[in-house]
Structures are given as structure tokens and as C-alpha cells.
Amino acid sequence: MKFSVRVAILCTRGDTLLTNTEPGIGFHYLPGGALTTGEDSAAAREWTEETGLPPGPLRLVGVVENFFGPPDRRQHEIGFYYHTPAPPELPDSPFTVQDNPGVTCHWLPLNATEFTPVYPLVIRDLLDVPPGEIRHIINHEE
């Protein structure tokens, strides 16, 4: 089993969520990435690497223990999920991720997350976390 630690950013604008996707994968995921040992501002770094913009306020809303993947390649991931409102500089139309030209950012309507997979699937539970609260979720996906 592979183990990893990552950060992800829930960036919202009105009733939309900023997601990443790649041609042919059939699902979306949140901007973010892996932490490196000793790093203390990974969410800010990932945001800047992907959007080219300095981060706004990043509020920790959840810690997700995520178990996923096929039986022969199961993964255990600890994810730190941060919320930030969308800065006005982000375009309304899809744009290419700055540090990975094969990935595109899209504004996905929140109601579309019911039929468009955004992994991990539990992110909807993190969209309405009140200030001062942090959710801990254990998630098992097949």
C-alpha cells in the first residue's frame, strides 16, 4: 500500500467549485498536491504553482484519511483541505494549470458534483464547514 500526504484547495465562486481535469480521465479533482518533508506552506505553494497567483486566505476545513485504488494498488492518503474564495483575477473560462500543461482548471457547478465525479467524493461534506470548525473524515473508495 502506498502512503502519501497532500493538500487540496476548495476554491469557490458563487455556486461553482474550481476543479482540475485531464483529457480522457473521466473525473475531476481539486487543485493541490503532495507535501514535501519539512514544508510548512504547501497549500500556498500549490495554489501559486497551479494558478500563477498569490494565495488569498486559506482556511483549513478538513482532514481526510482517504483509502482508494484497486486491490493490488491500494493507496492511503492523508489530505489537508483548505477553503479559499476565488480571487477576481481567476478567469471565468477554463485555463491551463501553470505547472502542468496537461491539466485544465474548470469552474464546475456545485450541483454537477452529484453526477461528475470529483475525487475524493467526500469533498461535498467540506464545502459548508463553518469558520472555526475542522472536519475529520475517513473515506473508503473502491
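Predicted model: local features only at pLDDT ≥ 70, side-chain atom pairs only at ≥ 80, totals over all residues.
For 142 residues, a compact globule would come out near 14 Å, and the protein chain has 14 Å, so the two agree.

What is the chain built from? Its secondary structure comes to one helix and 10 strands. Starting at the N terminus, the order reads β-β-β-β-α-β-β-β-β-β-β. As for how the chain folds back on itself, take the contacts between residues at least 6 apart in sequence: 64% of them join residues at least 24 apart.

Now for the surface. The protein chain exposes about 7,600 Å², and carbon and sulfur atoms supply 56% of that. Of its 142 residues, 44% count as buried. Ser-4 makes a handy example, sitting in strand β1, which covers residues 2-13. Is Ser-4 buried or exposed? The cut-off for buried is under 20% relative accessible area, and Ser-4 has 18% relative accessibility, so Ser-4 counts as buried. Leaving aside residues up to four places away in sequence, Ser-4 touches His-76, Glu-77 and Ile-78.

One of those partners, Glu-77, leads us on to the largest pocket. Rolling a probe the size of a water molecule over the atoms shows where empty space is left. In the largest pocket, that space amounts to about 620 Å³. There are 24 lining residues, and those closest to the pocket centre are Arg-6, Phe-27, Tyr-29, Glu-77 and Tyr-119.

Which elements supply at least two residues each to this lining? They are β4 (32-34), α1 (42-51) and β5 (59-68). Strand β4 gives the most, with three residues. Sorted by class, the lining has 10 nonpolar, six polar and eight charged residues.

A cis peptide bond joins Tyr-119 to Pro-120, with omega at about -5°. Pro-120 itself lies in the loop between β9 (118-119) and β10 (135-140).

Note on methods: Residues numbered from 1 in each chain as written. Heavy atoms only, no water. 1 Å grid on protein atoms, 1.4 Å probe; cavity = no way out; pocket = protein on both sides within 12 Å on 5 of 7 lines; lining within 4 Å. Points joined across faces, edges and corners; volume = space filled by probe spheres on them. Helix = DSSP H or I, 4+ residues; strand = E, 2+ residues; numbered from the N terminus. Nonpolar A, V, L, I, M, F, W, Y, C, P; charged D, E, K, R; others polar. Rg over C-alpha atoms; globule rule 2.2 N^0.38 Å. Buried < 20%, exposed > 50% of the residue type's maximum accessible area, 1.4 Å probe, protein only. Contact = heavy atoms within 4.5 Å. Areas by Shrake-Rupley, 256 points an atom, 1.4 Å probe, with all protein chains shown as cover.
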